[in-house]
Amino acid sequence: MSFGIRSMRLTDLVAVEDIQAEAYSGYFLESTEVIAQRFQLSPTTAWVAEREGQVCAYLVGYWSKVGKINPLNAPFALVENANCLYLHDLALLKIAQGCGVGKKLIQAATEHALRNSAQALALLSVQNSKAFWQGFGFSEFVDLEAIQQENLNTYVDGNDVAFYMVKRL
């Protein structure tokens, strides 16, 4: 199975919603408005994987600062003096899982970050994905300011936990 990686387009947002609906439990589903707002503020930091013209995975990021966390389902604003590419959301349809698609999307984001002189990649690990991200060189970052810890806690639901993780470049 061959998957191509390309920059996300506005017309891909319908497919992104479908992928998100399959990949996440109800708690983590973001509204269409939030997804569109993030994409429109940072369209060069979003990628999709497709096979035979069908979008089956995506990775959405935006420029941020290490240690800054945006609350779940809240609009965000671009930050001044960004030093990292924050990987906000990686999701795959089941048909794309186990095919190396996630790795290809992460590689595209890493290359973009390096070309733009980022110091790090950052993300939140949810739904038991910490080991997955550690496999790509991410480590838990625990030196969060109190407000950022509160923002992190918006991603915690029931027995689930969330971890803020960083990979220095």
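Let me begin with a convention: a charge is taken to sit over a ring if NZ of Lys or CZ of Arg is within 6 Å of the ring centre and within 35 degrees of the ring normal. By that criterion Lys 130 lies over the face of Phe 163, at 4.1 Å from the ring centre.

Before going further, a word on the model itself. This is a predicted model, in which local features need pLDDT of at least 70 and side-chain atom pairs count only at pLDDT 80 or more, whereas totals for chains, interfaces and linings use all residues. Residues are numbered from 1 along each chain as its sequence is written, and side-chain values use heavy atoms, with hydrogens and water left out.

Let me turn to the sheet. Helices (H or I, at least four residues) and strands (E, at least two) are DSSP runs, numbered from the N terminus, and two strands are said to pair if DSSP finds at least two bridges between them. On those terms there is an open sheet of 7 strands with mixed pairing, in the order S1-S2-S3-S4-S5-S7-S6. S1 and strand S6, residues 139-140, stand at the edges with a single partner strand each, so one side of each is left without a neighbour in the sheet.

At the S1 end, strand S1, residues 4-7, runs antiparallel to strand S2, residues 46-51, and 4 bridges join them; within this pairing, Arg 6 stands opposite Val 48 in S2. S2 then pairs with strand S3, residues 54-64, again in the antiparallel sense and over 6 bridges. Here the bridge partner of Glu 50 is Val 55 in S3, and Arg 51 stands opposite Gln 54 in S3.

The segment before S1 holds Ser 2, which touches Glu 50 and Arg 51, if we leave aside residues up to four places away in sequence and take contact to mean heavy atoms within 4.5 Å. The C-alpha atoms of Ser 2 and Cys 56, 54 residues apart along the chain, are separated by 12 Å. For accessibility, buried means under 20% relative accessible area, exposed over 50%, and partly exposed in between, with a 1.4 Å probe and protein chains only; Ser 2, at 60%, counts as exposed.

Which residue takes a positive phi in the hairpin of S2 and S3? With 2 residues between the strands, it is Glu 52, whose phi is near 50°, although Glu 52 is not a glycine. Glu 52 is exposed, with a relative accessible area of 79%. A second case is Asn 81, in the loop between S3 and S4, where phi is near 55°, a positive value in a residue other than glycine; Asn 81 is also exposed, at 65% relative accessible area.

Now to helix H1, residues 13-23, whose buried residues are Leu 13, Ala 15, Val 16, Ile 19 and Gln 20. Seen down the axis of H1, these buried residues fall within an arc of 150°, so they line one face of the helix, the arc being that of the directions from the helix axis to the C-beta atoms. As background, an α-helix has 3.6 residues a turn, so residues three or four places apart point the same way. The face of H1 turned away from its buried side carries the exposed residues Val 14 and Asp 18.

What covers the buried residues of H1? The cover includes helix H2, residues 32-41, together with S3 and strand S4, residues 84-92. H1 lies across S3 and S4 and runs at about 95° to S3, where axes are lines fitted to C-alpha atoms, for helices over the stretch in contact, and angles run from 0 to 180 degrees between N-to-C directions.

Turning to the rings, those of Phe, Tyr and Trp (its six-membered ring) pair if their centres lie within 6.5 Å, and planes under 30 degrees apart count as stacked, over 60 as edge-to-face and the rest as tilted. The structure holds 7 aromatic pairs. Among them, Tyr 62 and Phe 76 form a stacked pair, 4.0 Å centre to centre with 20° between the planes. This pair links distant parts of the chain, with Tyr 62 in strand S3 and Phe 76 in the loop between S3 and S4, 14 residues apart, and both Tyr 62 and Phe 76 are buried. Elsewhere, ring pairs link Phe 132, Trp 133, Phe 136 and Phe 138 into a cluster.

I will finish with Gly 67, which is also placed in the loop between S3 and S4 and is buried, with a relative accessible area of 12%. Leaving aside residues up to four places away in sequence, Gly 67 touches Phe 141, Leu 144, Gln 148 and Tyr 164. The C-alpha atoms of Gly 67 and Glu 145, 78 residues apart along the chain, are separated by 7.7 Å.
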